[in-house]
Protein chains: 4
Amino acid sequence: MSRFAGRAGPIRLGMVGGGKDAFIGAVHRIAARMDGEFELVAGALSSTPERARESGAALGLAPDRVYDDFEAMATREARLEDGIEAVAIVTPNHLHFAPARAFLRRGIHVICDKPMTATGAEAGTLAAEADSSDALFVLTHNYSGYPMIREARAMVADGFLGRLRGVQVEYVQDWLATAVEETGSKQAEWRTDPARSGAGGALGDIGTHAFQLAAFVSGEAPSEVSAEIASFVPGRRLDDDARALLRYASGARGALWCSQVAPGNENRLTLRLYGEAGGLEWSQETPERLTATRLGEAPRLMTRATAGAAGTRLQRIPPGHPEGYLEAFANLYVEAAAAIRAAREGAAPPAGTLFPDVADGLAGVRFVEACVASAAQGGRWTALS
Amino acid sequence: MSRFAGRAGPIRLGMVGGGKDAFIGAVHRIAARMDGEFELVAGALSSTPERARESGAALGLAPDRVYDDFEAMATREARLEDGIEAVAIVTPNHLHFAPARAFLRRGIHVICDKPMTATGAEAGTLAAEADSSDALFVLTHNYSGYPMIREARAMVADGFLGRLRGVQVEYVQDWLATAVEETGSKQAEWRTDPARSGAGGALGDIGTHAFQLAAFVSGEAPSEVSAEIASFVPGRRLDDDARALLRYASGARGALWCSQVAPGNENRLTLRLYGEAGGLEWSQETPERLTATRLGEAPRLMTRATAGAAGTRLQRIPPGHPEGYLEAFANLYVEAAAAIRAAREGAAPPAGTLFPDVADGLAGVRFVEACVASAAQGGRWTALS
Amino acid sequence: MSRFAGRAGPIRLGMVGGGKDAFIGAVHRIAARMDGEFELVAGALSSTPERARESGAALGLAPDRVYDDFEAMATREARLEDGIEAVAIVTPNHLHFAPARAFLRRGIHVICDKPMTATGAEAGTLAAEADSSDALFVLTHNYSGYPMIREARAMVADGFLGRLRGVQVEYVQDWLATAVEETGSKQAEWRTDPARSGAGGALGDIGTHAFQLAAFVSGEAPSEVSAEIASFVPGRRLDDDARALLRYASGARGALWCSQVAPGNENRLTLRLYGEAGGLEWSQETPERLTATRLGEAPRLMTRATAGAAGTRLQRIPPGHPEGYLEAFANLYVEAAAAIRAAREGAAPPAGTLFPDVADGLAGVRFVEACVASAAQGGRWTALS
Amino acid sequence: MSRFAGRAGPIRLGMVGGGKDAFIGAVHRIAARMDGEFELVAGALSSTPERARESGAALGLAPDRVYDDFEAMATREARLEDGIEAVAIVTPNHLHFAPARAFLRRGIHVICDKPMTATGAEAGTLAAEADSSDALFVLTHNYSGYPMIREARAMVADGFLGRLRGVQVEYVQDWLATAVEETGSKQAEWRTDPARSGAGGALGDIGTHAFQLAAFVSGEAPSEVSAEIASFVPGRRLDDDARALLRYASGARGALWCSQVAPGNENRLTLRLYGEAGGLEWSQETPERLTATRLGEAPRLMTRATAGAAGTRLQRIPPGHPEGYLEAFANLYVEAAAAIRAAREGAAPPAGTLFPDVADGLAGVRFVEACVASAAQGGRWTALS
C-alpha cells in the first residue's frame, strides 16, 4: 500500500522537461489531462531556471512547485504531503536516465518518453532500477495506444495470422530532408546531435517506435538484425535513414525502414504482418482502420465498430468519430492511471491494463545499437539480446 | 466589462444534461478539458435528482453545485462569487430552448448542442434573446472545428473555386438501420421521438450538421429546398433518411443526403464543392485530408502540412499526427474561451475567432422544417428564410 | 437458323460512324478485336465520302466495303455471301435510329452506342422494330460489363441487400467546365447540340449510363423522378449538370447526379446501394473493387479474387492484374458474340449471357425526357413509364 | 532493309509455348491483337505434339503453321514468303534461351517473357547473340508499359526528384501461401521447380519485375545487394519470399521485397522513389495514379489527365477510363511493332520508342543469382555486375 492509498481525484503529476518550445511535453500534458486522470502540479521544466519559472507560470503551477532541477523536485516532492505520485519525463534522450532513476528510487511512478535512454549501458542500469523499484515505469511508445493496434494485437494472440512469416514495418517522415538543424529548429538540433540523442538519429527517434510496434502487435521480437544506415543530408552526424532486415527465432523474417528524408511522408508509420493463415495491415495516418485478411477471403476493413473487447476498451466516442494521436497517447495515461491506482492499494493492475515498460525500453535501445553495429560491419547479422 | 474581468485560470463551466449514459455530454467535457481552458464546476445533469447527484459525484463536482434543475442552477450560479461563467447545454433537442434562454438572460455564456431547438418558433425566439443578451451563444456544429474545414473555408473565401456551381453534401450512418429505439438504446429513443427531437429525425440529428457545414465552407446558404423524406424502419415516427435538392441565389445547385439506415456507413459526412475554377472534397472519417483541384491541374492532397493560417491556427500537434473528432470539438471550446475572455473585458474576440452561433442554429431549424414541409407537398420548392 | 449457321472464325462486323477523330468508334473497334470474336470488314464511317474512304483505308478495309452511307451498306452487305453479320453504330445520338432500323430490318445484328436515340418517339419505334426482328440489339452501356458490377448484380439478386432502401448513383466529369464546344472540340460540339444529342446534354451522355447501371445492379428501376437541371457554362444549350430524386415502386428512394462541370472529376461513376441487410459501393475509376457490407459486419473489400461465378465469368487475367474500361467494353462484345453464334443456330444465348438491350435504351431515353419535363415544372414528380 | 520492307497490315507473329492452360500465352495474344499491330499465324505451342495441334486449331492457325517444336518452326518460317517476322516466347524460364537464340539467328524478332533465362550463363550468351543479331529482342517486363510509369520515368529524368536517395520497391502476392504446386496448379509447379525456373522462385518470377521497374523509373540500377531469402511453405524448393537491401553507386539506398506468401496481396507491385527534391509513389493495382510530391508542397494525385507526353503517348482512351494490365502489356507490343516496322526499312525506331531489352534481361538474371549468393553468405554485400 502506498502513502496515497484511498485518495480520490486526479493523480498528482510532475513533469521533467516540457518547457516553452518543447513539442512532446505539450503532448504529454494534453494526454494527461484529456480524461481527467492526472493533474499537473509540479515541474522541473527547463535546465534554465528563468525559463523553468516562466514555463511553470504559463502552466499555472504554484511557484513553490516549480523547480530548477529534477533532483530538487524529486527530493522535495517525495516529502510533501500532497507531493506528486507520478512524473512525466519529456526531455531529450540523454536526459531520461538520471531523472528516471531519481524518481524511481523515491517511489514516484515514471512515465518516460522514448527512446528510454541514450545508451545501452544506461538502459541496462535503468531496467535493473525499475525492476527493483515499487514504482511503475511506463514508456510512451504511444502508437501502442491506438484502439485498432490493440485489436490487431489481440487478433494475433488469438491466432488470426497463424504462424508468423513476415513483418514489414516502416516509419517515414520528410521533415529532416534538408539541414533544418542548422536553421534554428530546436527539435531538429537535439535529434541530430549524438551527445543528446545517442547512437541513433532516425533509428532512435522513430525506428524504436516501429520496432516496438511490430513486437507489440506480433507478439514476437526479432533475434537478429542486419542493417544499412545513411546520413543523406550533408553534415548530419546521425543517421536520417535506416533499413534493417530482421530474423525471428520462430523462422519469421522481416524488414524495418525508417527515414526522415522521404518527401511526401509526414508521419507514415505502417505495419504489415503476414502469417500462414492471414494478414493484417495498419497505417498511423488513418489509425481507425485495420485491414484484416484471412487467406482466401476478402480483406475486411475493420474499425472500432467491428473490433472486439481489445479494440473498444479504451475508446471515448463511437466509431466513425475519429480518435487520433492524442487519444492514443492519452490511452497510455489512462492505463498508467489504472495501474497507479491499483498500486496504491498494493494490487495488480486491472485485467487488460497494458503499456510499454522498461523491457520495451531496453529492447529499443539495444535495437538502435545493434543496427549501428551491424551497419558498421557491412550488414553483419547482429544479435538483439 | 464583466464581473469576471481580470480573472486568471480556467473558465468556470456548468453543464445542463450530460448525466450517466449520455453520449454528447462526455464529449463536451473532454472538449472543454482538453486544452485547459475550462473547469467544470456545476451541473444540472439529469432531470432525475438522484441521478443528477450520482452523476455530479462521479464528475467530482461539489455537492452544492449539483442542481436538480437548470432554473435553480441559473439563479444561484448567477449570484455566486465564483459562479459559472459559461454553461454547456447537452440535453435532447426539446430541452435546449428553456435553459439557453435562462442562462442568456443572466449573462451566462451558452455553449449549446445542435439542433438549436426543436421548433422554428423556439429558434426565432432564442435568436432574439441571444441578440439582446451580452452573453455569447455558441452552437456546437463541431465539424466546423476541423482544421482542414477551416482551410477549405479560407480557400473558398480566397476565390479558389471561383463562382460556385455545385454543392454535394452527405451525412450517412447505419446505426438506426433496425428499430434499436425499441430495444433499449437511449440515444435512439429520443432521436426518434417527435416530442423530444422536433420535426426532423435524421434531418435534425445529422442533416443540420451537413447543412451547416456546406454553408460554413462555401460561404453560401441555399435559398430554396426540394425534399423527399422517408422512414424506412417500420414504426419509426421520424425520418431516418432524407434527400434534398438545393437552389442558391447565386445560381449554384446542390444536393444533401442524410441517412441513418445505410449499412457500411459509420459517420460519413462528406462535402464536395465545385466552382468555375476548382473543386474541393473532404470527408469526416479522414478529416486531416482535403483534396483540392484547380481546373486542369492534378488534385492536391492537402493536409495541415500544406495548409495556410486558417488550417493551422488551432492545431496542437504536427501534421501526420492525426487530430480527430474530439480535437475538432475542442476547437470550438478554444474559440469560445477566446471570445469569453475578450468579452470579460468588453473587447471583441481576437481576429480569426470563429464559431457557429445563433444564426446557424436558426438556419438549421428552418432547414429541417422546410424539408419536412417540402416533402409533404411532393417536393415543392420551399424557401429557407 | 441464320444463313451464317455453321460458320467458324470471327464474326464479320460493319461499322456506322467511327471515322477519323471519333472517340467511341475506336473504343468499339478495340473491344471487338480484343478477344478475337469479331473482324471489322465493312464501314460507313463518315457522312463525308472522302473522309469515309480515308478512314476505311486507314483501317485496312477493302475499298468495296467502304460505303458512303449506311443505307448502301445495309442493302449490299445483306446480299453478300460474306456480308456482315453484325454492325456497330457509333454515330452521334441523332444518327442511331435510322441505321439501327435499317440493319435490324435486314436481319443484321445491331450493337449500338447509347443513348439509344435522340428522342423518345424514335426510341419507342425502335423498340418495336427490335422486338419484331430476328436480329439482336445490343446497347453498349459498357459499365455493365465490369466483372465487379456483374458480381454486385448477382449479390443483390441473391439477397445480399435484403429489401432495397437507398440508391445513390453519380456520374461526374469536368471536361465541359468551360465552353470547349466553342474552341474546336468535336466531341463537345455534338454533345452540346440539341439537334444532335436530343433533349439531354449531360443527362443523355452520362446520366443514362448512371441510370442504367443503378437498375442493372439493383434489379429495380425507379417509377418516378423529380429533377433539377442546369447549364452552367454560358451559352450552352443543353444541361451540363443535373440532379434527380428517385422513387421506386418498392418504396426505395434514390438520387442521381450527373455533371460535366465538376473540377477534379475525370469519369467518376459511382454506385451505392443500401438495403435492410447490407450495402454495396463501387466506383468506376477503381473498377476492380467492390465494397460489400453486411449490416453489423466489417466492410469486405471484394475483388475478382473473392467474387463468385458472376464476377469471374468474363475475366481474362487473374485478380490483381487490373482489367479496365476496354475489357469491360469488350465484355459486351463477348456477350454479343455468344448470343450471335447461338442465334445462328436458332438457339438461345448460353446461360448467363447478359447485355443491355432495347428495353434499357427505351428506359434511358424516357429518363432523359422525364428529367427535362420534371425540371421544367419545378421538379414535379414525373412517371418514368 | 528487311525482306519485309514495304509491307502493309499486321506483323505476322509466331508463338513458342502458350498452349492450353497457359496463362501468359493468352496475355501475349491479347496484347498482340489489341491494337491490330500483329496477327498470330504460326506456333510451336506445346512440347506435346497433340496438344500443340489442338491448341493451334483452337487459335485458328493453319495446320501447316502449327509446329511440333520451335526448331522446326524457326527453320521453316524463316524460308516462307509469308513467314513470321516476330516470335513471342512464352514458355517457362528454362525454355527461353534456346528458342530465343534460334529465332535471333534467323533474323526473326523475339518478344520474350521474363526472366530472360534460367541461368546467368545463358543470359550472358543470349545477350551476346542479341547484340550481334539484326533482329530485335524485346523482354516483356510489362509493368514498364503503364502510362503513369512512363510519366514517372520522364519526371525523374527531368529532375523531379533531384538526387536520388531512397528506393522502396515491393512485389507481393499470396497465391503460393500454401503448397498449391502439390495440388495440381501447373502455374505453381514450374515456378517452384529449380529445373524449370532457375535459381530464383519469387525472386525470378516477380522480383525481377520489381528490380527492373525500379531501375526503369529511377534511371539508376543498384551496384550491390544484400539479401535474405526464405521458403516458407514446407517442401518448397525455391524461395517464396525474399528481402534485399540495395546500394547504388550514386549513394542512394534501397530495399526490395518480393513475396508470394503474404495473405491479402493479389499482385501488389509498388514503387516509391525519394530524392532530395521530391517523391513519387505508384502501385500496380491502381495503375492510373501517380502520387508526386515536391518537398514542401502537397502531394499531387496525377493521372493521364495531368501527365505530359510520356504518360499520354500510348493511351487509347481518355483519362478516367481506366486502362489496365492488358493495355500496359499491349503497349510493349505497340513499341515492338514500331521498332519492327522501322527495322524493316533499316531505320531507327521512332523517337520515344521504349521497351525492355536484353540488357534488362541480363541484369534481372544477375540480380536473382546475386541475391541467392548473398543470402547463402549471411547477407554479404554482393556486386550486381
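1. A search of the whole structure, which is a predicted model, finds 112 salt bridges over all chains, a salt bridge being a side-chain nitrogen of Lys or Arg within 4 Å of a carboxyl oxygen of Asp or Glu. In chain A, a network of salt bridges links Asp35(A), Glu288(A), Arg304(A), Arg316(A) and Glu323(A).

2. On conventions, residues are numbered from 1 along each chain as its sequence is written, while chains are lettered from A and ligands numbered from 1 in the order in which they are written. Local features need pLDDT of at least 70 and side-chain atom pairs count only at pLDDT 80 or more, whereas totals for chains, interfaces and linings use all residues; side-chain values use heavy atoms, with hydrogens and water left out.

3. In chain B, Asp205(B) forms a salt bridge with Arg191(B), and the closest N and O atoms are 3.0 Å apart. Asp205(B) lies in helix α9 (residues 202–218) of chain B and Arg191(B) in helix α7 (residues 186–191) of chain B, so the pair ties together parts that are 14 residues apart in sequence; helices here are DSSP runs of H or I with at least four residues, strands are runs of E with at least two, and both are numbered from the N terminus. Asp205(B) counts as buried at 10% relative accessibility, and Arg191(B) counts as buried at 11%, where buried means under 20% relative accessible area, exposed over 50% and partly exposed in between (1.4 Å probe, protein chains only).

4. In chain C, the closest N and O atoms of the salt bridge between Arg313(C) and Glu335(C) are 2.2 Å apart. This pair links distant parts of the chain, with Arg313(C) in the loop between α10 (309–312) and α11 (325–344) of chain C and Glu335(C) in helix α11 of chain C, 22 residues apart. Arg313(C) counts as partly exposed at 36% relative accessibility, whereas Glu335(C), at 1%, counts as buried.

5. In chain D, a salt bridge (2.5 Å, N to O) is formed by the side chains of Arg105(D) and Glu129(D). Here too the pair links distant parts of the chain, since Arg105(D) is in helix α4 (residues 97–105) of chain D and Glu129(D) in helix α5 (residues 120–132) of chain D, 24 residues apart. Arg105(D) is exposed, with a relative accessible area of 55%, but Glu129(D) is buried, with a relative accessible area of 14%.

6. Between chain B and chain C, 39 residues of chain B are in contact with 39 residues of chain C, contact meaning heavy atoms within 4.5 Å. The buried area is about 3300 Å², of which carbon and sulfur atoms give 55%; buried area is the accessible area (1.4 Å probe) that two parts lose on being put together, summed over both. Eight salt bridges are found across this interface, and Arg247(C) forms a salt bridge with Glu228(B), with the closest N and O atoms 2.7 Å apart.

7. Phe38(A) and Tyr333(A) form an edge-to-face pair, 5.2 Å centre to centre with 90 degrees between the planes. The two residues are 295 residues apart, Phe38(A) in strand β2 (residues 38–44) of chain A and Tyr333(A) in helix α11 (residues 325–344) of chain A, and both Phe38(A) and Tyr333(A) are buried. Also in chain A, one aromatic cluster is formed by Tyr143(A), Tyr146(A), Tyr171(A), Trp282(A), Tyr325(A) and Phe329(A).

8. Helix α6 (residues 147–157) of chain C has eight of its eleven residues buried, so it is largely enclosed by the rest of the structure. Among the buried residues of α6(C) are Arg150(C) and Glu151(C), along with Met148(C), Ile149(C) and Val156(C). Just after α6(C), Gly159(C) takes a positive phi of about 95 degrees.

9. Gln260(D) is placed in the loop between β9 (253–259) and β10 (268–275) of chain D, and counts as buried at 2% relative accessibility. The residues that Gln260(D) touches, not counting those up to four places away in sequence, include Gln173(D), Trp175(D), Asp205(D) and Asp240(D).

Key. Phe/Tyr/Trp six-rings, centres within 6.5 Å; stacked < 30°, edge-to-face > 60°.
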